[in-house]
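Hi there,

Here is the structure I promised to pass on. Have a look at it first, and my notes follow just below.

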Amino acid sequence: MKVLIIRLSSIGDIILTTPVLKEFKRKYPDATVDFLVLDKFKDAIEGCPYIDNLILFNKEKNDGLGNLLNLGKKLRENNYDYVFDLHGKVRSILISKAIGVKTYRYKKRSLKKTLLVKLRMTTYEVDDTIIKNYFKTFKDFGLEYKGEDLTFSFTEKDLLKVREYKGYPVLAPGASKETKKWTPEGFGNLAALIYKKYKKVPLLIGGKNDFELCEEIRKISGGVSLNLAGKLTLKESGALLSQSMFLVTNDSGPFHIGRGVKCRTFVIFGPTSPGMFEYDEENTLIYGKEPCSPCSLHGDKQCPKGHFNCMRHITGEMVMNIIEAGRK
């Protein structure tokens, strides 16, 4: 059997496919599994032991109706038996239709629910976790759901790059949308408390676009944190987290990277639904559960009510108490 899995973006959603990939390979060890992903997100899945071939989607070459159909026709030459579309948007739908074989598609929330949330007529409560919904796409193949055992792969070279930071606490203050970010004051005060308690400098990680935010947090902490934003690749960040004391993060990619390398993780949710994921002894949810939360599918540029209480009411002291309780 030869299959194609399509999940083009983003970092967290790509990593969330790994429990399904693992179970598929366990059930069908002789199957060839190809995976189609946007080239800029390849580090989220490259090296995964449950994939045989990684195929990269380049927007300049492959985007646009004609190019999407041409890509699908080219992929048809691989003679897939099945396509599993875990993206479920226009690009992946067009590609899978052009391939022309039996396609199983990830079912997202209903259009009615999406519209009601976007129009601020209801809060957003999920029907099931993302990973369980991924598994439903494979229901005809008898895969057994065994929890959220994520996988994030990196190399020894990545580990050598960050070996000097072994055992340090890590903070990841970035996110794809502004309202998914805990406040700089919260992160800064927490960094100061962590340094006071553990005598270790908290490391601030993120992409280049997170540098200014991390610098603000470093200053709020009184200079007792180290800004590494933009200085590590995604793989190096995973290697770092694999040997860190713990991670404090927002609902963002580092949350799933941390889970994928078995890092003790504390995740802060505000406007988005924490019900999208399961939590175990290694992953602690921090959530204020304001009356108006969760209000958003993926976060927004600003709080629709203007007060941002879901994040402002979470303090550094509160998070520090949860960390101390969770590490006992």
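Ser225 is buried in this predicted model: its relative accessible area is 4%, and the cut-off for buried is under 20%, so the residue falls in that class. You will find Ser225 in the loop that runs between α10 (211–220) and β8 (226–227).

What surrounds Ser225, once its neighbours within four places in sequence are left aside? The contacts of Ser225 are then Ala191, Val201, Pro202, Leu204, Ile217 and Arg218. Ser225 also has a polar contact with Ser221, side chain to side chain, at 3.0 Å. As for Ile314, it lies 89 residues from Ser225 along the chain, and their C-alpha atoms are separated by 20 Å.

The other thing I looked at is a helix pair. Helix α9 (residues 184–198) and helix α14 (residues 316–326) have axes that come within 8 Å and cross at roughly 45°. The crossing of α9 past α14 is right-handed.

On the α9 side, the contact is made by Gly186, Leu190, Leu193, Ile194, Lys197 and Tyr198. From α14 come Gly316, Glu317, Val319, Met320, Ile323 and Glu324. Sorted by class, this contact between α9 and α14 has 7 nonpolar, 2 polar and 3 charged residues.

Best wishes

Technical notes
Residues numbered from 1 in each chain as written. Predicted model: local features only at pLDDT ≥ 70, side-chain atom pairs only at ≥ 80, totals over all residues. Heavy atoms only, no water. Axes fitted to C-alpha atoms, helices over the stretch in contact; angles between N-to-C directions. Helix = DSSP H or I, 4+ residues; strand = E, 2+ residues; numbered from the N terminus. Left-handed = near helix turned anticlockwise from the far one by under 90°. Contact = heavy atoms within 4.5 Å. Nonpolar A, V, L, I, M, F, W, Y, C, P; charged D, E, K, R; others polar. Buried < 20%, exposed > 50% of the residue type's maximum accessible area, 1.4 Å probe, protein only. Polar contact = N/O pair within 3.5 Å; in protein donor to acceptor, adjacent residues only side chain to side chain.
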